[in-house]
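Let's take a friendly walk through this protein model. Keep the picture beside you as you read.

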Amino acid sequence: MMYYSRIKLLSVAAVCFLGLLLCVPNFVRKPAASIPWPQIHLGLDLQGGSYLLMQVDLSSLTQERLQSLSDGMKQTLVQEGLGYRDVHLDANKATLSFQPRDPSEKERDLKVLANLPRLVPNEFSVDTAADGSLRLTLSDGALRTRAHDAVSQAIEIVRRRIDATGAVDPQITRQGEDRIIVELPGISDPERIKSLLGTTAKMTFRLVDEVPPNSPLAPPGTVMLPLADHPDQKLAVREHVDVDGVNLTNAGATTDDQTGGWAVSFSLDSVGTRAFGDVTQANVGRRFAIVLDNKVIEAPVIRTAITGGSGIITGNFDAHQATDLALLLRAGALPVPLSVVEERSIGPSLGADSIRAGAMSLGAGFLLVIAFMALFYGRFGWYANLALFANLILMLAILSLFGATLTLPGMAGMLLTLGMAVDANILIIERIREELKRGRTPLAAMQAGFERATATVLDSNATAFLAHVMLFVFGTGPVRGFALTITIGIATTLFSTLLLSRMLMVRWYALTRPSTLPV
């Protein structure tokens, strides 16, 4: 306990020196692009940036599910030799209703409705309305489950889209049942991000029905969709989706060999490739619309079967538009539309004020702790102060190594960690004082003090460590930043207290052999 081998001394010194080196990138400009330069990233409250509160349109989710059930119902009824009329979807009431073709078919129609595939158990119920129509009603439990899953999926897609823009450490969290908070440190103008997040990016490939231009009425089974470049012009596009964008495996910005303009290349998985090949082979000479968020990007004529599972989308794009569209297609379509309900920007000057205030509080607390330890514990107090400084360096080093984000709560956690580190040193020094009062020699007092205080230090820090790990795992936003710095700080505290400060005391005693201890 009172002996430090040369290897142990060098190991402790090497760890401290490595920590000091890892802190350097935070204070020195990167000399060359090829040199690794790990740094601490500043959070929204320190660096400034943008805050977006986005709302999920859950009504569209209900409408989409009802439309899917309606398509399945129509197809099944036709296969069973049955008919239907007056099909009506009501997203507000979550109902799908229709009139039987003939009253004698009512029981068979009800059976078809009851046997439609369910995404979750008890997803919907089937009954007869007062007007004699057959009605399918989605259950509240199924709607809540689907909404929860859709928001979780939306958060993941939002994260992929933002990560693809190069934003550093964005914070994306759920608020309530239908809202998502997006924090973007360092981005003061979030217009591009808002555009990316506000685009559902649901792409489908559908056949076009030829009707007179700008015809106000769409043939049965079709819908009139506007052209992306000319919103005043519309095409009659089939409601049935021939190839879905979910089968995309990759997309990228490229140039069109024929026009030299920007385009977006895409490739499909095996399912999409087979569907794309089948529909193009069976419909040579017809127009095939590429639809993005209910707008027709282009509708080229099928010249020949396309069986390779890849193609390009042209649409008078510039480089920026082609890159963003490829990014959206790679990240995947949002399951529901998002809209911005609140937007705040934090300027760099406010972030600088926060850094200044946090640094001043951290510095003041550090100086007060140093003064207290030096005043009440003498030489051993100064050794504790050196260990405290090393503790701060090691915390910054670990945060830098992993590219962690530092926030104001994180700075508060660092200050609290320094106080906890001092407590550990005080426990050891006070235990040494007690042993001296019992008449032990200096060597025996130090030996007993270290041995008996170590268990207490380990127990107290272990419980605190577990508590803050739970905070980090289950917390969000500021809570995670606070828990992160304290969790790292507890690990560095154990090193600086049980190894570094003890090493300093032991080396001093080995060199001086005092008759009394300065405590």
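## Before we start

Contact means heavy atoms within 4.5 Å. Helices (H or I, at least four residues) and strands (E, at least two) are DSSP runs, numbered from the N terminus.

This is a predicted model, where local features need pLDDT of at least 70, side-chain atom pairs count only at pLDDT 80 or more, and totals for chains, interfaces and linings use all residues. Residues are numbered from 1 along each chain as its sequence is written, and side-chain values use heavy atoms, with hydrogens and water left out.

Look at H5 and H6: Val158, Arg161 and Ile162 in H5 meet Ile193, Leu196 and Leu197 in H6. This contact has 5 nonpolar, no polar and 1 charged residues. Here Ala, Val, Leu, Ile, Met, Phe, Trp, Tyr, Cys and Pro count as nonpolar, Asp, Glu, Lys and Arg as charged, and the others, Gly among them, as polar.

## An open sheet

Next, find the open sheet of 4 antiparallel strands, in the order E7-E8-E2-E18. Two strands pair if DSSP finds at least two bridges between them. Strands E7 (171-175) and E18 (338-346) are at the edges with a single partner strand each, so one side of each has no neighbour in the sheet.

E7 is joined to E8 (residues 179-185) by 5 bridges. In one of them, Gln171 partners Glu183 in E8. H5 packs on this sheet, touching E2 (49-56), E7, E8 and E18.

## Around Ile432

Which residues is Ile432 in contact with, leaving aside its neighbours within four places in sequence? They are Phe380, Ala445, Met446, Gly449, Phe450 and Leu517.

Terms used: Axes fitted to C-alpha atoms, helices over the stretch in contact; angles between N-to-C directions.
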